Amino acid sequence: MDLRQLRSLVYIADSGSLSRAAEILRTSQPSLSQQIKDLEAELGLELFHRHARGVFLTEVGHTLYAHARSILKDVAFAKETVLTQSRNPSGKVSVGFPTSACRGLSAPLIEKVKVAYPNISIHLIEAMTGTLDEWMQTARLDIAVLYDPRVFANISLYPVGVEDLMLIADRKNQILLRNSIGFVELENIPVVLPGKQHVLRNYIEHLATRNGITPRVVIESDSFAAIVEMVKAGYMTIMPHFAMLQEIKAGLFGAVPIMDPTPNWSFSVVVSQRTINMLSTEAVAKILVDLMRDLIQGGTWKARLLSN
């Protein structure tokens, strides 16, 4: 039994697929498969159940998985301590952003980390909030920005702010002449929204039900790029101002506040306590929290700060 086999076991278990694990580890699927077969032969036990949709751990596999993560974390910490006696963080940190925040946070985060910690490399992942939430729970991400996050085991939660959702329209749309719209008017305003599995859609529909209306969703799209193009074509959508900041600053789009009630959500930085590179993860998380707070305080991100 060696570290390479344990690392392979962890990545296969986390991804639920030999092919995905091989892609992440940049090795061949047959090589990974042989490592697990050798490990199972050494132990005389089956570590994974194999089926058409992927693989999942057996009961003894779960036991070895827990030990493997602990061993890999200890080894990574020992290596980091020896190689960086000045406690200068290094290594890869995975950061997950929801689509609505990814464009505004990615470049400034990368730049700030590069300046402060040149030995840290960032792996950016863009996904829907529900997916990011799931990946945090299964330790596939080190850090994520989540909307209205749930509290669960093995994470640290850093609340940052609350932002309003607004009606976004092309600059030629006459609705931009209004100072605000009432929430109940959404029953008659044709909008493009993500599908029902998306946290934004669920939130809008829940609020609509409480207010006795049905939003007039004329197109569903889980592609943010497609929603942007739809707005350019004359449709409207409901998004945070920050999500469309690039187009608003360019004078392409405008945003109208929604009132009575005003839809809003909180957002937080969530940090995994199961990462195998805790020192670097915490360093990046602090930079991210500070960056988000600076954007809010400077007025770039139209949101209200939450207390620490």
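Ala, Val, Leu, Ile, Met, Phe, Trp, Tyr, Cys and Pro count as nonpolar, Asp, Glu, Lys and Arg as charged, and the others, Gly among them, as polar. The model is predicted, with local features needing pLDDT of at least 70 and side-chain atom pairs pLDDT 80 or more, while totals for chains, interfaces and linings use all residues. Residues are numbered from 1 along each chain as its sequence is written, and side-chain values use heavy atoms, without hydrogens and water.

**View A. The second largest pocket and its lining.** Its volume is about 160 Å³, the space filled by probe spheres set on grid points joined across faces, edges and corners. A pocket is an open set of points on a 1 Å grid over the protein atoms alone, where a 1.4 Å probe fits, with protein on both sides within 12 Å along at least five of seven lines; lining residues have an atom within 4 Å of a point. Among the 14 lining residues, Thr 129, Asp 133, Tyr 147, Asp 148 and Val 199 lie nearest the centre. The lining divides into six nonpolar, five polar and three charged residues.

**View B. Surroundings of Pro 257.** Pro 257 is partly exposed because its relative accessibility is 30%, between the limits of under 20% for buried and over 50% for exposed (1.4 Å probe, protein chains only). Beyond neighbours within four places in sequence, Pro 257 is in contact with Met 166, Asn 179, Ser 180 and Ile 181; contact means heavy atoms within 4.5 Å. The C-alpha atoms of Pro 257 and Leu 165 are separated by 7.6 Å, with the two residues 92 apart along the chain.
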